[in-house]
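Here's a quick briefing to read with the structure open beside you.

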Amino acid sequence: MSAVRILAVATGCLLSLSCVANAQQVKLKAALQVPVTELFFGQNLAQFKKEVEERTRKAVTIEIFDNGKPYNDTQIVGAVTSGAMELGVAGFNQFADKIPAIEILDQPFLFNFDALINAAFGPDGEPRALLDKALLGMGVRVLMWQPVGNQVFFSKGRDVATPQQIKDKSIRVFSDSMAKFVKLCGGKPALLSSAAMHDALKDGKIDMAMAGFSVVMSRDLWRVSDTITRTAHSPLEFLLFMNEKNWQALAPAHRSVIMEVARSLELKIRQKAAQNDLEAYAFAREKGMKIVELMPHQVAEWRACSSDVLLSYMDATADLGSRLMAAYGRLRTAPCCSGGPESATPSRR
C-alpha cells in the first residue's frame, strides 16, 4: 500500500465513529460548583457529558462532581491545574490572579449589550482568542465559554439605583476590579465566594451582594434578599476548561469530538441566553422580589463614579490588556457592535 493510501486510510479512521469508539477508553472527572440541574451552566455541563459520551460511544465518559463537592467555586481552577480533576467549570474571575487581563470583562459598562458580548467572547471572538492563549500558558485548555447574564445588586428593603445608596454599605464582590468599583462609588467591598454569600446576607455580615443574576436560583438569594437592582454593569462568563496535560493525553479522535461538541453546544447556549434570563427574572418575581431598572441618568452616575476602574486595569495588565482593548476598539467599529444598548436587543443591557 502506498504512503498516500496509508495516510488517507488513517485520516478517514480518525474521522469515523468506529475509530472514536476503538480509541483508548478514558474517564474524566469534572468539578462543578452548582447542582447539575442548575439552569445556566449546570445543565450545560450535563448536556456536554451526554453528547461527548454519545459521540464517542462511551469511549470517553465524564463523571460530574457537582454542588461544590469536593471543590467550591474558589477551588476548582486549582483542582484542575493540579490534576486532581481533569475538567472544571469556573467563572472568568477565578483566573484573574494568574491572568489579570481577563478582568476586562469586569470593566464597568464596557460590554453592555448582547451583540458586543457574543462578538467578543463567542468562539470566533478576537478578545476570546487572546485570553484562551493566555490561559493555555497556565496549563488549562478552554473548551467553551458560557454567558450567564450580567452582574446586579441584591439587597433587602432598599434598591441601589444610584451610587449614593451604597455609601458605607458592606457589599459582597468576587474580584479585585469589582472591589474597586464598589469602593470608588462609596461602598465597602467584601470579597466572598459564591458559596458564602447566602449565609453572609442572612447573618447580616454584609448589607448587599453583587453577583450574577443566576444566583437568585442557584444560591437561593430570594430567601435572604427582596430587591434586585439591575445595574448590568458587567457580563459574567463561565469557562469549561481542561487540564492541558490530560488533553494532550487524549487520542486525536477524542479531542476532535470534544471540541466539536463544545463549539456546537456553546453556540446553542448563546442563542438561548436571553430566554434563560427571562426565566430567572420570572422566578424572582414569583418569589416576590422587586426588580429595579436604571434610568439613563442613573447609569451615567454609576459610570462617572467607577471610571477609574479602567485606568487601574490598564496600569495592571501591561501588553495583554493593551491588546485586548485594541481588539475591543476594533469590535466597536464592526457592523455588529458599532451601536449600543439602545439599538440592540436589551435583554441584558
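Are E266 and R128 buried or exposed? E266 is buried, and R128 is buried too, where buried means under 20% relative accessible area, exposed means over 50% and partly exposed is in between (1.4 Å probe, protein chains only).

A word on ground rules: this is a predicted model, where local features need pLDDT of at least 70 and side-chain atom pairs count only at pLDDT 80 or more, while totals for chains, interfaces and linings use all residues. Residues are numbered from 1 along each chain as its sequence is written, and side-chain values use heavy atoms, with hydrogens and water left out. Helices (H or I, at least four residues) and strands (E, at least two) are DSSP runs, numbered from the N terminus.

**Salt bridges**

- Side chains of opposite charge can pair when their charged atoms come close.
- Searching the whole structure turns up 15 salt bridges, each one a side-chain nitrogen of Lys or Arg within 4 Å of a carboxyl oxygen of Asp or Glu.
- E266 sits in helix α11 (residues 252–286) and R128 in helix α6 (residues 126–136), so the pair ties together parts that are 138 residues apart in sequence.
- R128 and E266 also belong to a network of salt bridges that links them with D132, E237 and R270.
- K49 and E53 make another salt bridge, their closest N and O atoms being 2.9 Å apart. They are four residues apart in helix α3, so about one helical turn separates them.
- K49 counts as partly exposed, at 26% relative accessibility, whereas E53 counts as buried, at 11%.
- D319 pairs with R323 in a salt bridge, again with 2.9 Å between the closest N and O atoms. This pair is four residues apart in helix α13 (residues 308–331), so the two are separated by about one helical turn.
- D319 is partly exposed at 49% relative accessibility, and R323 is partly exposed at 39%.

**Aromatic rings**

- A pair of aromatic rings is described by the distance of the centres and the angle of the planes.
- The rule used here: rings of Phe, Tyr and Trp (its six-membered ring) pair if their centres lie within 6.5 Å, and planes under 30 degrees apart count as stacked, over 60 as edge-to-face and the rest as tilted.
- The count by this rule is 10 aromatic pairs. One of them is F95 with F241, an edge-to-face pair at 5.1 Å centre to centre and 80° between the planes.
- F95 lies in the loop between β3 and α5 and F241 in strand β9 (residues 235–243), so the pair ties together parts that are 146 residues apart in sequence. Both F95 and F241 are buried.
- F111 and Y328 have ring centres 5.2 Å apart and planes at 80°, so they too are edge-to-face. This pair links distant parts of the chain, with F111 in the loop between β3 and α5 and Y328 in helix α13, 217 residues apart.
- F111 and Y328 are both buried, and together with F121 and W145 they form one aromatic cluster.
- K287 lies over the face of W222, at 4.3 Å from the ring centre. A charge sits over a ring if NZ of Lys or CZ of Arg is within 6 Å of the ring centre and within 35 degrees of the ring normal.

**Nonpolar cores**

- In soluble globular proteins, nonpolar side chains tend to be buried together.
- A nonpolar core here is a set of buried Ala, Val, Leu, Ile, Met, Phe, Trp, Tyr and Cys residues joined through side-chain atoms within 4.5 Å.
- The largest has 92 residues, and F48 and F154 have the most contacts inside it. Helix α11 gives the most to this core, with 10 residues.
- Another core lies apart from it and has 19 residues, including I166, I171, V182 and V299.

- Most residues other than glycine have a negative phi, and most peptide bonds are trans.
- The peptide bond from K69 to P70 is cis, with omega near 5°; P70 is in the loop between β2 (60–65) and α4 (76–82).
- K58 is not a glycine, yet has a positive phi of about 65°. K58 is in the loop between α3 (42–55) and β2, and counts as exposed at 53% relative accessibility.
- F109, also not a glycine, has a positive phi of about 65°. F109 lies in the loop between β3 (87–91) and α5 (114–121), and counts as buried at 4% relative accessibility.
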